[in-house]
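Dear colleague,

I am passing on a structure for you to look through, and below it you will find my notes on what was found. Please read them with the structure open beside you.

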Amino acid sequence: MAEHPLAGLSSATVHEAYGMRGALPSAVKPVDPDFYLCGPVFTIDCPPADNLWLHRAIYAAAPGDVLVADMRGHTEAGYWGEVLSQAAIARGIAGLVMTGGVRDTREISTLRFPVFAANVCIRGTVKDPRGDGRLGGSMRIGDVDVHPGDTVVGDADGAVVVGAHHVDSVAQAGRARVASEREMLKRLRRGESTIDILGLPT
């Protein structure tokens, strides 16, 4: 399988290259700062304190997908833990980004399954078959519209979503930005100032 065009780019670089768009709420951070993910989005809308739809999503998503789940502002529950991480690994899921809480963080870190969550919480969840969740629909997280097939990139600084039709242009702009920053760092090491390099007013 070909490498994703955005693979290897940082979340901040992608956000800047996307015109400073796509950044998910800053509370969403990786369980382990070394976690990195990049892949197509599979969306999940979860009822508060109910993780049944996460179980369903693992078996509805395709290998390589990143699960992106919204808990409608409810963070006081551990929606995901070691068991679901192991199940997702077995299915080839590439990672999880969610606005709810996570638990079993030490075990998830050991498993090396990239989980990004809004917080850590030990409170349990229900699995209500009557719950009004949804898989694969469009949704809004913070100020970002998220659609199935978009791309999500996540690292130690947070996560960003790029619309499916913008991936190639963002990848090109992102790699140009990386090259420019490398050149700037060289100039800084030679003693130049950020004021001069960037042409900032003094």
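**The largest pocket**

The largest pocket has a volume of about 160 Å³, where a pocket is found on a 1 Å grid over the protein atoms alone, as an open set of points where a 1.4 Å probe fits, with protein on both sides within 12 Å along at least five of seven lines. Grid points are joined across faces, edges and corners, and the volume is the space filled by probe spheres set on the points. The lining is made up of 14 residues, and the closest to the centre of the pocket are Y18, V144, D145, V161 and G163; a lining residue has an atom within 4 Å of a point. The elements that give two or more residues to this lining are β11 (144-146) and β13 (158-162), and here strands (E, at least two residues) and helices (H or I, at least four) are DSSP runs numbered from the N terminus.

Before going on, please keep in mind that this is a predicted model, in which local features need pLDDT of at least 70 and side-chain atom pairs count only at pLDDT 80 or more, while totals for chains, interfaces and linings use all residues. Residues are numbered from 1 along each chain as its sequence is written, and side-chain values use heavy atoms, with hydrogens and water left out.

D70 has its place in strand β3 (residues 66-70). D70 is buried (under 20% relative accessible area, with exposed meaning over 50% and partly exposed in between, using a 1.4 Å probe and protein chains only), yet D70 has no salt bridge, and R72, the nearest side chain of opposite charge, is 5.9 Å away. In this count Lys and Arg are positive and Asp and Glu negative, while His and the chain ends are not counted, and a salt bridge is a side-chain nitrogen of Lys or Arg within 4 Å of a carboxyl oxygen of Asp or Glu.

What does the side chain of D70 make a polar contact with? The partner is the side chain of T99, at 3.0 Å, and the side chain of D70 also reaches the backbone nitrogen of R72 at 3.5 Å. A polar contact is a pair of N or O atoms within 3.5 Å; within protein, one must be able to donate a hydrogen and the other to accept it, and residues adjacent in sequence count only if both atoms are side-chain atoms. Leaving out residues up to four places away in sequence, D70 touches I44, D45, C46, T99, M139, R140 and I141, contact meaning heavy atoms within 4.5 Å.

D150, in the loop between β11 and β12 (151-155), is likewise buried without a salt bridge, and the nearest side chain of opposite charge, R21, is 10 Å away. Beyond its neighbours within four places in sequence, D150 is in contact with residues including G39, P40, D145, V161 and G163.

**Salt bridges**

By the rule given above, the count comes to 9 salt bridges. One of them joins E76 to R123, with the closest N and O atoms 3.5 Å apart. E76 lies in the loop between β3 and β4 (78-80) and R123 in the loop between β8 (119-120) and β9 (134-135), so this pair ties together parts that are 47 residues apart in sequence. E76 is partly exposed at 44% relative accessibility, whereas R123 is exposed at 53%.

R177 and E181 also form a salt bridge, their closest N and O atoms being 3.3 Å apart; the two residues are 4 residues apart in helix α5 (residues 167-189), which separates them by about one helical turn. R187 and E192 meet in a salt bridge of 2.8 Å, N to O, and D45, R72 and D132 are linked in a network of salt bridges.

**Two residues with positive phi**

Most residues other than glycine have a negative phi. A49, although not a glycine, has a positive phi of about 60 degrees, and A49 lies in the loop between β2 (37-45) and α2 (52-60). D104 is not a glycine either and has a positive phi of about 60 degrees; D104 is found in the loop between β6 (101-102) and α4 (105-111).

With best wishes
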